[in-house]
Amino acid sequence: MNGFEIEIKDGQAYLTTPYNPVYVQRIKQLGARWDASSKRWRINEQSIYAARKIMREVYGEDDQKQGEKVTVIATFDKTQSALCSAYCLLGKIIAQAYGRDTGAKVGPEAAFIEGAPLSGGSVKNWETIIPKGSVVEIYNVPRSFAEQGIERSESENSEISFEIKNTSGKIDRAALSAERERLLLRIAEIDKLLNE
């Protein structure tokens with residue numbers, strides 16, 4: 001199971017998705033009600049197509065056939081925050097604070113390569129904060145959704161830059177050569193400092 005499921009029962013559709021505060025807000029606009037016993041959203045069966053459209057807009061996928069998934073690397077050029085909510089990107093929770101002083105927990109499909117999420121703000125208006133300079137890997141993003149996000153980010157001069165991580169196993173010789181040159185320069189700097 002990919003985390004998305006729609007079950008139809010007695011003229012109602014029961015929706016299973018990962019948690020995302022944007023999705024919750026949008027699905028309620030279809031008249032969805034939370035079914036506590038099954039822990040799923042319940043909507044009128046006729047609203048399935050609209051619900052799938054919302055899933056694709058928020059998560060980049062729905063309960064139907066899925067495409068290729070990729071890992072996206074997001075670099076934060078400016079501090080970002082979400083007021084009284086989880087901070088989400090590309091349909092995934094990146095981090096979640098629960099109050100001003102709680103700290104923030106990393107999302108289930110994210111990893112901070114540099115930096116760490118924080119909590120802040122005031123007691124009533126707390127925030128989940130992603131500091132400037134943070135680098136986050138976001139896992140299992142549908143490739144087409146990731147590519148759309150990258151295009152949107154570039155066209156809007158976003159303060160977050162994205163790249164799709166090369167997981168194909170192919171060697172990127174140009175990137176490796178550039179990294180080698182950078183490391184050789186750094187080693188030369190270190191040798192010079194040690195010899196002083």
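In this predicted model, four strands form an open sheet in the order S1-S2-S4-S3, and their pairing is antiparallel. Strand S1 (5-9) and strand S3 (33-35) are the edge strands, each pairing on one side only. From one strand to the next, the twist averages 35°. Strands of a sheet pair through backbone hydrogen bonds, either parallel or antiparallel. Strand S2 (residues 12-16) runs antiparallel to strand S4 (residues 40-44), and four bridges join the two.

Helix H1 (residues 21-28) lies across S2 and S4 and runs at about 25° to S4. Helix H2 (residues 48-59) packs on the sheet, where H2 touches S1, S2 and S4; the direction of H2 makes about 165° with that of S1.

Next come the charged side chains. The count of salt bridges comes to 14. Glu68 pairs with Arg143, with the closest N and O atoms 2.8 Å apart. This pair links distant parts of the chain, 75 residues apart: Glu68 is in the loop between H2 and strand S5 (69-76), and Arg143 is in helix H3 (residues 143-155). Glu68 is partly exposed at 47% relative accessible area, and Arg143 is partly exposed at 29%.

A second salt bridge joins Lys78 to Glu159, with the closest N and O atoms 3.7 Å apart. Lys78 lies in the loop between S5 and strand S6 (80-83), Glu159 in the loop between H3 and strand S14 (160-164), 81 residues apart.

Asp101 and Arg100 also meet in a salt bridge, at 3.1 Å from N to O. Here Asp101 is exposed, at 63%, whereas Arg100 is partly exposed, at 33%. Finally, a network of salt bridges links Arg26, Lys53 and Glu57.

Note on methods: Residues numbered from 1 in each chain as written. Predicted model: local features only at pLDDT ≥ 70, side-chain atom pairs only at ≥ 80, totals over all residues. Heavy atoms only, no water. Pairing = 2+ DSSP bridges. Axes fitted to C-alpha atoms, helices over the stretch in contact; angles between N-to-C directions. Contact = heavy atoms within 4.5 Å. Salt bridge = Lys/Arg side-chain N within 4 Å of Asp/Glu carboxyl O. Buried < 20%, exposed > 50% of the residue type's maximum accessible area, 1.4 Å probe, protein only.
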